[in-house]
Amino acid sequence: MLKKKLVQVTAAAMAATMLFSVPAMAKKNFFSFNVKTSVNDGEAFSAGNHKNDAERQAYVVTQDSNIISTDAFYYAVFNYPKDTARYQYAYHTKMSSRTGTVHPQYYKSVTAGQTMYLQADTDKYIVWADGYWFS
C-alpha cells in the first residue's frame, strides 16, 4: 500500500514539474540569401544567431530556393561573419535540392550564449535560398 502511494505522489510531483517548466527551445532564425560568384567570393552571412545549447550540429531548413543538383551551394557556420578558418565552427554542407534540411557539424567546441552566423557559399551560378535555422 505504501509503495502504491509513493508511486502516486512521485507521479503527481513529476506532472506538476512538467506542467510548470518552460521548455528551452532554440529560436527560429530566418535567412534570405542571394549569392553570386562575382560578389564577395560567392559568400554571404546571415544575421547573428544566439546559441541556446552546446549541441554539436546546426539545423538549416531551406524552405524555398532555386538550388538544383548541379549547383555547388553550401552552408557553414561561423562565430564571426568573416570567411577564415579562425572563425569557422561547422563544416560546409552541400545543399543539392530546392528544399530540405541539412545539419552542418561543429568541429570546434560550442557553448550556450555564443553568437553564430550561417554562411551561404556558391561556387557556381547565382543561388537564392530562403528558410530558417537553429545554431
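In what order do the elements of the protein chain run from the N terminus on, and what can be said about strand 1, where Asn-29 is found?

Modeller: This is a predicted model, and from the N terminus on the elements of the protein chain run α-β-β-β-β-β-β-β-β-β, that is, one helix and nine strands. The mean pLDDT of the chain is 86, with 81% of its residues reaching 70 or more, but over residues 15-24 the pLDDT stays under 50, and for that stretch the model has zero contacts beyond four places in sequence. Where pLDDT is low, the predicted coordinates should not be read in detail.

Strand 1 itself covers residues 29-36, and it belongs to an open sheet of four strands, in the order 1-9-4-7, whose pairing is antiparallel. The edge strands of this sheet are strand 1 and strand 7 (100-102), each of which pairs on one side only, and the twist averages 30 degrees from one strand to the next. The partner of strand 1 is strand 9 (residues 126-134), with which strand 1 pairs in the antiparallel sense over eight bridges; within this pairing, Val-35 stands opposite Val-127 in strand 9.

Turning to Asn-29, this residue of strand 1 has a relative accessible area of 12%, and because the cut-off for a buried residue is under 20%, Asn-29 counts as buried. Leaving aside neighbours within four places in sequence, Asn-29 is in contact with Gly-131, Tyr-132 and Trp-133, and also with Gly-48 and Asn-49.

The C-alpha atom of Ala-47 is separated by 8.7 Å from that of Phe-30, although the two residues are 17 residues apart along the chain. Beyond its neighbours within four places in sequence, Ala-47 is in contact with Met-116 and Tyr-117.

For the chain as a whole, residues 24 or more positions apart account for 76% of the contacts with a separation of 6 or more, and buried residues make up 35% of the 135 residues. The protein chain exposes about 8300 Å², of which carbon and sulfur atoms supply 58%.

Definitions and conventions. Residues are numbered from 1 along each chain as its sequence is written. This is a predicted model: local features need pLDDT of at least 70, side-chain atom pairs count only at pLDDT 80 or more; totals for chains, interfaces and linings use all residues. Side-chain values use heavy atoms; hydrogens and water are left out. pLDDT is the predictor's confidence in each residue, from 0 to 100. Contact means heavy atoms within 4.5 Å. Helices (H or I, at least four residues) and strands (E, at least two) are DSSP runs, numbered from the N terminus. Buried means under 20% relative accessible area, exposed over 50%, partly exposed in between (1.4 Å probe, protein chains only). Accessible areas come from the Shrake-Rupley method with a 1.4 Å probe; for residues, only the protein chains shown count as cover. Two strands pair if DSSP finds at least two bridges between them. Axes are lines fitted to C-alpha atoms, for helices over the stretch in contact, and angles run from 0 to 180 degrees between N-to-C directions.
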